[in-house]
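I opened the notebook to look at aromatic rings. These entries follow the ring pairs through the model.

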Amino acid sequence: MNVGKTLFAQIMEFVPWTSFGRIVDRYGGNAGVRRMTCAEQFRVMAFAQLTWRESLRDIEVTLGANANKLYAMGLRHSIHRSTLADANEARDWRIWADIAALLIRRARKLYSDTDLVGLDLKNTVYALDATTIDLCLSLFDWAPFRHAKGAVKLHTLLDLRGAIPAFIHISDGKMHEVNVLDFMPIEAGAFYVMDRGYLDFTRLYALHQAGGFFVTRAKANMNARRIYSAQVERASGIICDQTILLNGFYATQHYP
């Protein structure tokens with residue numbers, strides 16, 4: 001008979017439970033709870049994520065089929081979908097946001113000395129993008145997107161060392177991606193790689209003033225002139241290295 005810890009229990013040991021408890025107490029997550037604590041809810045949802053469960057019923061059936069292993073997983077009671085649904089709906093979302101931020105900070109430290117393959121850079125390199133997640137409008141009436149369709153937009157800043165999200169913002173589906181630059185934290189000396197959907201001279205100049213660098217593609221109608229051309233090695237794949245100046249009246253005002 002195997003008397004060791006289950007694989008799931010070993011994974012859960014990486015969670016800083018002392019800090020977890022402080023976060024739960026900060027928002028009163030366990031106030032008035034009789035059956036499913038925040039820690040148990042976290043374990044159940046982590047199990048569902050790791051094992052690709054597709055619904056609350058799927059979670060209930062799978063855990064119910066392994067009832068003799070629940071205690072080893074850190075669960076004191078059998079899991080019912082109604083209890084889990086109530087916990088998911090009633091708990092303060094800031095509990096999970098703070099825990100996610102804590103885990104992200106710890107994970108990024110593990111990759112802080114990792115070099116990006118093919119790039120001799122000590123700077124942090126981020127990739128910024130957004131994706132639209134479709135929702136059923138009849139169930140999520142708070143997320144209107146089109147006439148008969150709901151959606152939210154997930155804006156993610158990815159640290160390319162370890163592919164760890166450093167910043168996440170969820171907005172309604174109608175918010176344009178470029179607006180996230182208004183409140184996204186900028187790290188001085190870091191590189192931000194983004195597509196041309198983020199090409200807004202006012203916001204990019206604010207990023208520049210904060211000490212960051214950006215890499216993006218120019219739009220076909222960008223009006224600019226060359227000021228200086230530096231020497232490049234064509235064999236390295238670089239076509240040209242030019243200093244440019246914008247020609248448009250408003251463009252020069254927004255990015256002088």
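I began with the criterion: rings of Phe, Tyr and Trp (its six-membered ring) pair if their centres lie within 6.5 Å. The model is predicted. I searched the whole structure and found 13 aromatic pairs.

Entry on W17 and F42. I looked up this pair and found it edge-to-face. The centres are 5.9 Å apart, and the planes stand at 90 degrees. I then placed the two residues. W17 sits in helix 2 (residues 17-26) and F42 in helix 3 (residues 38-50), so the pair ties together parts 25 residues apart in sequence. I checked accessibility next. W17 has 24% relative accessibility and counts as partly exposed. F42 has 16% and counts as buried, because buried means under 20%.

Entry on Y126 and Y192. I looked up their ring geometry. The centres lie 5.3 Å apart with the planes at 25 degrees, so I logged the pair as stacked. Planes under 30 degrees apart count as stacked. Y126 belongs to strand 1 (residues 125-135) and Y192 to strand 5 (residues 191-193), so this pair ties together parts 66 residues apart in sequence. I noted both Y126 and Y192 as buried.

Entry on the surroundings of W17. Which residues do ring pairs link into a cluster with W17? I found F20, F42 and W96. I also looked for a charge over the ring. R43 lies over the face of W17, at 4.3 Å from the ring centre.

Conventions:
Residues numbered from 1 in each chain as written. Predicted model: local features only at pLDDT ≥ 70, side-chain atom pairs only at ≥ 80, totals over all residues. Heavy atoms only, no water. Phe/Tyr/Trp six-rings, centres within 6.5 Å; stacked < 30°, edge-to-face > 60°. Helix = DSSP H or I, 4+ residues; strand = E, 2+ residues; numbered from the N terminus. Buried < 20%, exposed > 50% of the residue type's maximum accessible area, 1.4 Å probe, protein only. Lys NZ or Arg CZ within 6 Å of the ring centre and 35° of its normal.
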